[in-house]
Amino acid sequence: MGREVRVLFQPQPSPESPEGKRRFKNLLDAAGITPQLVAIPSRPATVEELARLHDRAYISRIKELSDGPGGDAGEETPFGRGGYEIALLAAGGAMNAVAAVLAGTVDNAYALVRPPGHHAEHDLGRGYCIFANTALAAKHAQLDHGLRRVAIVDWDVHHGNGTEHAFYNDPSVLTISLHQDDCYPPGSGLVGEIGEGRGIGANLNIPLPAGGGRVPYELAFTDVVLPALERFQPELILIASGLDANRYDINARMDLTAEDYRALTHLMMDAAERLCSGRLVIIHEGGYSDMYTPYCGLRIVETLSGLDSGVPDGTIGGPSSTKLWDHERAAVAAAAANVPKVPTP
Ligand SMILES: [Zn+2]
């Protein structure tokens, strides 16, 4: 017989807080980047837009809790009073970034929004995510701008379970998630999950062994992500941009540096240039090292904008390992075996 033990201990803030995002913006300011960018204002998403992917009773429940003292959207997704309105701005901000890129107002965009969205399910908040910002942005591109084929590349270190489920039967949205194997949600994001029904082949998971840095990530891009995009021929590429695969993150165990995020951004920009006139929208997801996440974000925004602040990235320990382990090679090869199943136009 177990006995429940409760210990009242010095409380700590949730790892998902405004601070990492605020510091990201402040670093862009301090580095002199912000004045050279085009600001895209956010707006609240409408209930009709949310209901494209979310249960209406779930949406109402979040609003009711938010009008009161707050609560939990499901699993590890606490929010306070007014959290609903903030979540609406996150989803609306992602959609406005898509609209600006499709209108040609900007060449590409980074939507620095919170809370994140890629774990949010149809009727359940998970892993700090209330509404599915990136998936909703894909729906926006299709339903409001007439795009037929959208690709989502999720480089957050955790599996993009909500995004996967939103389009699991849908061959018009290619979803690719790179993540630390069996991190969060537990048991989610297996390499064999490739979609179902008409959506078979339009979902790729690339679970990477813990500890990997630039080398396994670049291999995953060259052997899986880029050939999958070539086959799919998207009209727009979205990135679910968790910056929590960096070496300092408290919620995972990968080894990317800010320079590695620069390299991955280059690969995605080249792909977008080749496939869809450069249309690329990067939407912020996780990232829990308030110290280092901003430097990763700075490198991404510098790359997107073609600017170079010259600000050093603050890494301790130099670049990530140049070694490719056999178990990393095998993990990428297993994911690459699914690329021929990706639907073509
Ligand atoms: Zn994450």
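Q: How many bridges join strand β6 to β9, and do they run parallel or antiparallel?
A: Five bridges join β6 (residues 150-154) to β9, and the two run parallel. Strands here are DSSP E runs of at least two residues, helices are H or I runs of at least four, and both are numbered from the N terminus. Two strands pair if DSSP finds at least two bridges between them.

Q: What kind of model is this, and what are the ground rules?
A: This is a predicted model: local features need pLDDT of at least 70, side-chain atom pairs count only at pLDDT 80 or more, and totals for chains, interfaces and linings use all residues. Residues are numbered from 1 along each chain as its sequence is written, and side-chain values use heavy atoms, with hydrogens and water left out.

Q: Back to β9. Which residue in β9 is the bridge partner of V153?
A: That is I239.

Q: What do β9, helix α8 and β10 make together?
A: A right-handed β-α-β unit, with α8 spanning residues 258-276. Right-handed means that, with the strands pointing away from the viewer, the path from the first strand over the helix to the second runs clockwise.

Q: Is β9 mostly covered or mostly open?
A: Covered. Six of the six residues in β9 (236-241) are buried; the cut-off is under 20% relative accessible area, with a 1.4 Å probe and protein chains only. L236, L238 and A240 sit on one side, and I237, I239 and S241 on the other.

Q: New topic: V173. Where is it found?
A: In strand β7, residues 173-180. V173 counts as buried because its relative accessibility is 0%.

Q: What does V173 touch?
A: Leaving out residues up to four places away in sequence, V173 touches Q142, V150, I152, F167, A202 and F232. Contact means heavy atoms within 4.5 Å.

Q: Now the voids. How many cavities of 30 Å³ or more are there?
A: One. The largest cavity has a volume of about 50 Å³. On a 1 Å grid over the protein atoms alone, a cavity is a set of points where a 1.4 Å probe fits but cannot get out; a pocket is an open set with protein on both sides within 12 Å along at least five of seven lines; lining residues have an atom within 4 Å of a point. Points are joined across faces, edges and corners, and volume is the space filled by probe spheres set on them.

Q: Which element gives the most to the lining of the largest cavity?
A: β7, with three residues. The lining residues include T175, I176 and S177.

Q: What volume does the largest pocket have?
A: About 940 Å³. It has 31 lining residues, and the closest to its centre are V38, A39, I40, Y110 and L112. Helix α1 gives the largest share, six residues.

Q: How does that lining divide by class?
A: Into 19 nonpolar, seven polar and five charged. Nonpolar is Ala, Val, Leu, Ile, Met, Phe, Trp, Tyr, Cys and Pro; charged is Asp, Glu, Lys and Arg; the others, Gly among them, are polar.

Q: And what volume does the second largest pocket have?
A: About 210 Å³. Of its 14 lining residues, P78, F79, G80, R114 and P115 are the closest to the centre.

How values were computed: Buried < 20%, exposed > 50% of the residue type's maximum accessible area, 1.4 Å probe, protein only.
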